[in-house]
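The entries are in the order I made them.

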Amino acid sequence: MNATAVRATAVRPRGIAPVWAGAAVAFLLGSIAIGVAVGPIDLGLEGISSSLGERLRIPGITSSLSRTEESILWEIRMPRVVLAAVVGGMLSLAGATYQGVFRNPLVDPYLLGVAAGAGLGATLAIAYLPDGLRGQALPAAAFVGGALAVFLTYSVGRSTGRGRDTTTLVLAGVTVASFFTALQTFVQQQNADTLQQVYTWILGSIPSSGWSDVVLVLPYVALATVVILVYRRVVDVLSLGDEEAASLGVDVGRVRLILVVAATVGTAAAVAICGLIGFVGIIVPHAIRMVAGVGYRALLPLSVIVGAGFLVLADVIARTALSPAEIPLGIVTAFFGAPFFALVLRTSRGAA
Amino acid sequence: MSAIRLTAVTVTLGGRRVVDQVDLVVEEGAWVAVIGPNGAGKTTLLRAVARLLPFAGSIELDGRATAAMRRSELSRLIAVVPQDPSTPSWMTVGEYVLLGRTPHLGALAKEGRRDLEAVARALERLDLSGFGARPLGTLSGGEKQRVVVARALAQEARIILLDEPTAALDIGHQQQALDLLDVLRAESGLTLVAAMHDLTLAAQYAERMVLLDSGRVVADGVPRDVLTEETIARHYGASIDIVPVDGRVAVIPRRARWLIPDRRVRGDGCDQAWRGER
């Protein structure tokens, strides 16, 4: 090895520092442990770990839980915790991606109209579909509405700004979102009897519906996550601005489209099942950035892990604070997220 | 062989022809300063060469039209040092210079040893070897400029376009930066094209000057042929003296005494007249 090669190790890009990766993973595992342990029926950490041991076929361990307790753990709590983790990871990853792609720290995954579109789709399904069909069709309607809104945003933004100028795209998003929100509010007013249901959906919640919803969301989220993480180095290049990224050989329009489509598909799937859970996509990436002071290369994977843990914890609060009633998840994320974020803002070294 | 060949290049921005029918051939290894008054189209011309905005006409590098190249291929041939590069304060010098490897990587690849070595070499040549882990936010203006040039070097392109490379630097750092580019050019056969405002400085380094006015090339040649009192007066509206120094020339602005009532001569303190003639 020559001298240059030795020195080359000094310029290696900071990946995820082991200490932050460890902290993030510990946070997620801790959140999951709390998520499965806390509930109206006390399963005990011992019971949970013995059941887990048995499922993992660790020799000599048999579950100390009863049949009912087993099914509470594996058919009710675990899927809900996993769904919260999947959705939380997706929303923060999408938020971080949008912030990088649009070089704007204030944007969230709902920027390009996905929330307004999904809201309209869900409202239409709740208002006009018969009860029997509604459960199945609502996620599909919300997904289609969200995807349609973002597609319109992109078409409008491209036709006026050649798709290069992010301001045009953001304005197109605002325009499309206003239009869909107007339609949604109109439909809602015409069907006042469904107001409660629509409102509940809009404030967001993790359904306790077993593994079926996890199976429904996971493919979209997994695909979106893989695509975004594969492109994470390029997001750092985009943070220099469109023109410099282009001069460094990045096909800015294409890469941005790929990243936005991936983030949007994942977000739309999450929103379709869980409604509009706000705030996660903004505070999680920012909190990580301020504490760890890192570029997108490390921020994106960390967002997935921390966002997952954050939403699992928020969901624990949502279902236990006023048990047996549930607080809408969007309220919890903002109510507990805002003070936490304020604390991070006050104490951080301003790395953002 | 010509490194860059522009044929009837026209750039229209907001309905205005900012670059107008420019024909230009830059030989390989040349050091060309593009000069001209504010708004003459210098920056726009450089951006067109790097295909950062749409243009009419044709631009060829080594005989191949840039319009037909992939973005990454073009960026392996041309590196750009922008006038006001964005330098995110959290990024380290090493990470930033490593971004110069982007065109060699493809969208999905990860940096390998060759890339890290190219970065190490670039840092070494710019005397930045100990800086790899420093965040950009902690650097001075002169250091930042060197880091940006290091990024362009790590790109390993044979042509470097520089937009006002010395505008933000004091005279010591200006000299350092341009000396450095001179050395790099001599060692590696780089082709340098720089838009510059400081005519005297440009005249000391560039072998050739291209004077733009209203988007057209109005003079082209060695500095002492391009920099004449008459051309500068016509295109910059400036009144200057040209002073030869060691075969190069310096541009000295003539102070406009006719604008100011000369109290030392008159001494009467009651003269309010601004004599409006030269």
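**Entry 1: what I am looking at.** I am working from a predicted model. I keep that in mind for every value below.

**Entry 2: chain A overall.** I looked up the secondary structure of chain A first. I found 15 helices and zero strands. Next I checked its dimensions. The C-alpha atoms fill a box of roughly 65 × 65 × 35 Å along the principal axes. The radius of gyration is 21 Å. A compact globule of 352 residues would come near 20 Å, so chain A agrees with that expectation.

I then looked up burial and contacts. In chain A, 49% of the 352 residues count as buried. Among contacts with a separation of 6 or more, 77% join residues 24 or more positions apart.

**Entry 3: one helix of chain A.** I picked helix 5, residues 114–128. Is it mostly covered or mostly open? It is mostly covered, with 13 of its 15 residues buried. From first C-alpha to last, helix 5 of chain A reaches 21 Å, close to the 21 Å expected at 1.5 Å a residue.

**Entry 4: the core.** Which residues touch the most other members of the largest nonpolar core? I found Val87(A) and Ile78(B), in a core of 194 residues. I listed the contacts of Ile78(B), leaving out residues up to four places away in sequence. Ile78(B) touches Val49(B), Ala50(B), Leu61(B), Ala157(B), Ile159(B) and Leu161(B). In soluble globular proteins, nonpolar side chains tend to be buried together.

**Entry 5: a sheet in chain B.** I traced an open sheet of six strands in chain B, with the order 6-7-8-3-9-10 and mixed pairing. Its edges are strand 6 (78–81) and strand 10 (216–221), each pairing on one side only. Neighbouring strands of this sheet are turned by 20° against each other on average, direction ignored.

**Entry 6: strand by strand.** I started from strand 3 of chain B, residues 31–35. Four bridges join strand 3 to strand 8 (residues 191–195), and the two run parallel. Val32(B) stands opposite Val193(B) in strand 8. Strand 3 also pairs in the parallel sense with strand 9 (residues 208–213), over four bridges. There, Ile35(B) stands opposite Leu211(B).

Val210(B) has Asp220(B) in strand 10 as its bridge partner. Strand 9 and strand 10 of chain B form a hairpin with two residues between them. In the turn, Ser214(B) has a positive phi of about 50°.

How values were computed:
Residues are numbered from 1 along each chain as its sequence is written. Chains are lettered from A and ligands numbered from 1 in the order in which they are written. This is a predicted model: local features need pLDDT of at least 70, side-chain atom pairs count only at pLDDT 80 or more; totals for chains, interfaces and linings use all residues. The radius of gyration is taken over C-alpha atoms; the globule rule is 2.2 Å times the number of residues to the power 0.38. A residue is buried if 20 or more other C-beta atoms lie within 10 Å of its own, exposed if 12 or fewer, and partly exposed in between; C-beta atoms are placed from the backbone. Two residues are in contact if their C-beta atoms, placed from the backbone, lie within 7 Å. A nonpolar core is a set of buried Ala, Val, Leu, Ile, Met, Phe, Trp, Tyr and Cys residues joined through C-beta atoms within 7 Å. Two strands pair if DSSP finds at least two bridges between them. Axes are lines fitted to C-alpha atoms, for helices over the stretch in contact, and angles run from 0 to 180 degrees between N-to-C directions. The expected span of a helix is 1.5 Å times one less than its number of residues.
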